[in-house]
Amino acid sequence: RADGGPLLRLRGIGKSFGGLRALKAVSFDVGQKEIVSIIGPNGAGKSTLFNCITGVLRPDEGELFLRDKEISTQNVRKFVQKGVARTFQHVKLVSGMSVLENTMLGAHIRVAGGTISAALHLERDQEKQLRAEAMKQLKRVGLDNVQHMDAASLSLGQQRLIEIARALCADPEILLLDEPAAGLRQLEKQKLASLLQDLREDGLSILLVEHDMGFVMGLSNRIVVINYGEKLVEGDPANVRTDPRVIQAYLGT
Ligand code: ADP
Ligand code: MG
C-alpha cells in the first residue's frame, strides 16, 4: 500500500448554492499516516467541503483524487470500496441493536457490498466473518467489553467510537471524521485523541472537520483553515495557532 505520494488530493474544489459561493477553489493534500484537520468559523464552508469529499454533495468545480484515481464522480459505496470511510456528525446508530450488531453493519459493506436489510439475512459463514471483523475493530477502539449492550444505552463518546469501529470495518486507508469531538466530555476527548493517534501509528490517514481548536491542535500534523469558502491558511498547529489571519477570522465572527 505505501508508495510515498499523497493519499488524498483536492484540487480547486468549488461549490455554490444558488448565488452563494460556499467553496472557492480549495486545494490541499492528505498524506499517508497524516492527520489533517479542517477548521474555520461558523458558516466557513467546512461541512460543504466535507460533503464534497465524501460524495454527499457533488462539487461544481475541481477534482478529487485518491492516489492517482479521480473519485469525485463516484458514488459513496464505490468510495468506501476504494479505501475511504467516514463517520457522520450526528451519530447514526440503530437503537435496539447491540454494539456488536451496529458495528457489523459496517463490516457488511466490505464483505457483502449490499444493503443494510440484506445484512439481516446473511449466510452463516458470512455472518461469522462479519462478526469476527466487527469484534476485531471493537477491540481496537476499546469497546469489546460492551459488545452485547444496546448501542443507544452508551455515552455519546462511546457511540462515536462505535461509529469509528464501524468505519474501520471497511478497512479504509483514510478515515474522514465530521466533528468527532462535538459534545464529548474532556476525558472522552482525550480518549478519542489517543485512539486517532494509535490509528495513525497503524498506518491510517485521517481527515477531520472540527470546531474544537484545542482538540485538533494537539493531534494534527497539519491544519487547513477555511473562511468564507476559501483556504485562508495551511500549516502545522503551532503556525496556525499564532497566525494573525486565523486569530482575526475567529475573533471577527
Ligand atoms: P460550516 O460547516 O463551516 O459552518 P457550511 O459548509 O455548513 O459551513 O456552510 C457554508 C455556507 O453555505 C453557509 O453560508 C451556509 O449557509 C451555506 N449552505 C450550506 N449548505 C447549504 C445548502 N444546502 N443550501 C444553501 N446554502 C447552504
Ligand atoms: Mg458545519
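Modeller: Let's take confidence, then the ligand, then a pair of helices. Keep in mind that this is a predicted model.

Biologist: Okay, where is confidence lowest and where is it highest in the protein chain?

Modeller: The general idea first: where pLDDT is low, the predicted coordinates should not be read in detail. Here helix 4 (residues 116-119) has the lowest confidence, with a mean of 50, while strand 2 (residues 20-30) has the highest, at 97. Over the protein chain the mean pLDDT is 86, and 85% of the residues reach 70 or more. The model also scores ipTM 0.98 and pTM 0.87.

Biologist: Now the ligand. Which residues are around ligand 1?

Modeller: You'll find Phe17, Leu20, Ala22, Gly40, Asn42, Gly43, Ala44, Gly45, Lys46, Ser47 and Thr48 there. Strand 2 and helix 1 (46-53) are the elements that give two or more residues to this shell. Helix 1 gives the most, with three residues.

Biologist: And what does the shell around ligand 1 have by class?

Modeller: Four nonpolar, six polar and one charged residues.

Biologist: Last one: how do helix 5 and helix 6 pack?

Modeller: In general, two packed helices are described by the angle between their axes and the distance between the axes. Helix 5 (residues 124-141) meets helix 6 (residues 156-168) at an angle of about 135°, and their axes are 9 Å apart. The two helices are therefore oblique to each other. Helix 5 passes helix 6 in a right-handed crossing.

Biologist: Which residues make the contact?

Modeller: Gln137, Leu138, Arg140 and Val141 come from helix 5, and Leu161, Ile164, Ala165 and Leu168 from helix 6. By class, that contact has six nonpolar, one polar and one charged residues.

Note on methods: Residues are numbered from 1 along each chain as its sequence is written. Chains are lettered from A and ligands numbered from 1 in the order in which they are written. This is a predicted model: local features need pLDDT of at least 70, side-chain atom pairs count only at pLDDT 80 or more; totals for chains, interfaces and linings use all residues. pLDDT is the predictor's confidence in each residue, from 0 to 100. Helices (H or I, at least four residues) and strands (E, at least two) are DSSP runs, numbered from the N terminus. A residue is near a molecule or strand if its C-beta atom, placed from the backbone, lies within 6 Å of it. Ala, Val, Leu, Ile, Met, Phe, Trp, Tyr, Cys and Pro count as nonpolar, Asp, Glu, Lys and Arg as charged, and the others, Gly among them, as polar. Axes are lines fitted to C-alpha atoms, for helices over the stretch in contact, and angles run from 0 to 180 degrees between N-to-C directions. Angles under 35 degrees count as roughly parallel, over 145 as roughly antiparallel, 65 to 115 as roughly perpendicular and the rest as oblique. A crossing is left-handed if the near helix is turned anticlockwise from the far one by less than a right angle, and right-handed if clockwise. Two residues are in contact if their C-beta atoms, placed from the backbone, lie within 7 Å.
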